[in-house]
Amino acid sequence: MLVIHHPDQALHDPDQVFRTGKFIAQPDRAERYRVFLDIVTQLKLEIAVAPLDQADAIAAVHDRDYVEFLKSVHSRWIEHPDYGPVVIPNVHPTHRMYRRPTELLGELGWYSNSTSCPIVTDTWRAVFASAQVAVHGADRLSAGNGPVYAMCRPPGHHAYPDLMTGVCFLNNAAIAARRLMRSFGKVAIIDIDVHHCNGTQFVFWEDPDVFVASIHVDPSLSAPYYAGYADETGAGQGKGANFNQPLPWATGNEPWLKAIEAAVSRIRGFAPGALVVSLGFDAGAEDPVGTFKITGDGFAEAARRIAGLQVPTLLVQEGGYLSPALGGYLQSFLTAFEGRAS
Ligand code: ZN
């Protein structure tokens, strides 16, 4: 297995987010990047640094105005000496508001839907590097390397073409899938992060050539709340190419693996040329989000079942937050995916 990363990914490290009426620890700490890098180093996998030279690949998914906004928002923010140290929105449009203003706070609210994406000095550099890791991973897979683990961080699967949300800024998996389509034609995405991949679903909603399968906590109980229900199956030509399996709180290995098997079966029927795994570990029993009860053995079994599809595969890191178990979850998945003894 080939691993792709870039050290700029650690430059984004705000320590708090505002939630439940107070500032709490921001889950996507830069320390995650170091935990993942330690594991792939210990496993003696081939490791490569992504060249940051494919900026145009981002435009296959994201609106150019949004990308320009992400690049410039922090420098615009610090022009205001009375603003705080971290870029956080405080106002958003809702269903009946359709005008995009150019004033900073109004525009910030337009491109976000919550306080969950704090921005600091080098956030753009980290976000850009994470997306480039996905693009380079896709290119290496297309060149015949495989499987490839794109060690993305910050994660991406909640991001829409013009919206940051849920600690995600650019949708790494969607960007990679679009890239892979150039070489492989039809692509499938299986998302095993504990949260629904609302951004990824939106990008491919009407696309018959990308099958999106997600196994996640029931969105009526948890973020992202506004998408991820079982009756969302795609639209237009993409009708039937979206497969959501919401599961109850505290789901354990057995029902989770059954849902993964159902997704694998549907993907097999779709016959993709390549597969993207949106690889979140926040379903883990010891993950601080505390939602599902998946063990290291559960992640290993998921890896074996997904690897059984035997199609060229790009693993794209999504969630999975700091706990003593995080590195072990990654190790279990990667070793099982390659059929190695863990
Ligand atoms: Zn998640």
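Tutor: In this predicted model, two strands count as a pair if DSSP finds at least two bridges between them.

Student: What makes β9 and β10 a pair?

Tutor: DSSP must find at least two bridges, and β9 and β10 have five, in the parallel sense. The pair therefore meets the definition.

Student: In what order do the strands of the open sheet stand?

Tutor: The eight strands follow the order β4-β1-β5-β10-β9-β6-β7-β8, with parallel pairing. On average, neighbouring strands of this sheet are turned by 15° against each other, direction ignored.

Student: Why are β4 and β8 called edge strands?

Tutor: β4 (46-49) and β8 (242-247) each have a single partner strand, so one side of each has no neighbour in the sheet.

Student: What lies across β1, β4, β5 and β10?

Tutor: Helix α4, residues 123-142, lies across these strands and runs at about 150° to β1.

Student: What makes β2 and β3 a pair, and in which sense do they run?

Tutor: Strand β2 (residues 16-19) and strand β3 (residues 22-25) are joined by four bridges and run antiparallel; the definition asks for at least two, so they pair. Gln-16 has Ala-25 of β3 as its bridge partner. Two residues separate the strands of this hairpin, in which Thr-20 takes a positive phi near 50°.

Student: Why is β9 described as largely enclosed?

Tutor: Buried means under 20% relative accessible area. Six of the six residues of β9 are buried, so the rest of the structure largely encloses this strand. The burial holds on both faces: Ala-274, Val-276 and Ser-278 on one side, Leu-275, Val-277 and Leu-279 on the other.

Student: What makes an atom a donor of the zinc ion, and which residues supply the donors?

Tutor: A donor is an N, O or S atom within 2.8 Å of the metal. Asp-193 (OD), His-195 (ND1) and Asp-282 (OD) lie 2.0 to 2.2 Å from the zinc ion, so they qualify. Their spacing in sequence is D-x1-H-x86-D. His-195 is in the loop between β6 (187-191) and α6 (198-203), and Asp-282 in the loop between β9 (274-279) and α8 (296-307), so this pair ties together parts 87 residues apart in sequence. Water is not among the atoms, so the site may look incomplete.

Student: Are His-195 and Asp-282 buried or exposed?

Tutor: The cut-off for buried is under 20% relative accessible area. His-195 has 13% and therefore counts as buried; Asp-282 is buried too, at 0%.

Student: How do you know whether the radius of gyration agrees or disagrees with that of a compact globule?

Tutor: A compact globule of 342 residues would have a radius of gyration near 20 Å, and the chain has 19 Å, so the value agrees. The C-alpha atoms fill a box of roughly 55 × 45 × 40 Å along the principal axes.

Note on methods:
Residues are numbered from 1 along each chain as its sequence is written. This is a predicted model: local features need pLDDT of at least 70, side-chain atom pairs count only at pLDDT 80 or more; totals for chains, interfaces and linings use all residues. Side-chain values use heavy atoms; hydrogens and water are left out. Donors are N, O and S atoms within 2.8 Å of the metal (3.2 Å for Na, K and Ca); water is not among the atoms, so sites may look incomplete. Buried means under 20% relative accessible area, exposed over 50%, partly exposed in between (1.4 Å probe, protein chains only). Axes are lines fitted to C-alpha atoms, for helices over the stretch in contact, and angles run from 0 to 180 degrees between N-to-C directions. Contact means heavy atoms within 4.5 Å. The radius of gyration is taken over C-alpha atoms; the globule rule is 2.2 Å times the number of residues to the power 0.38.
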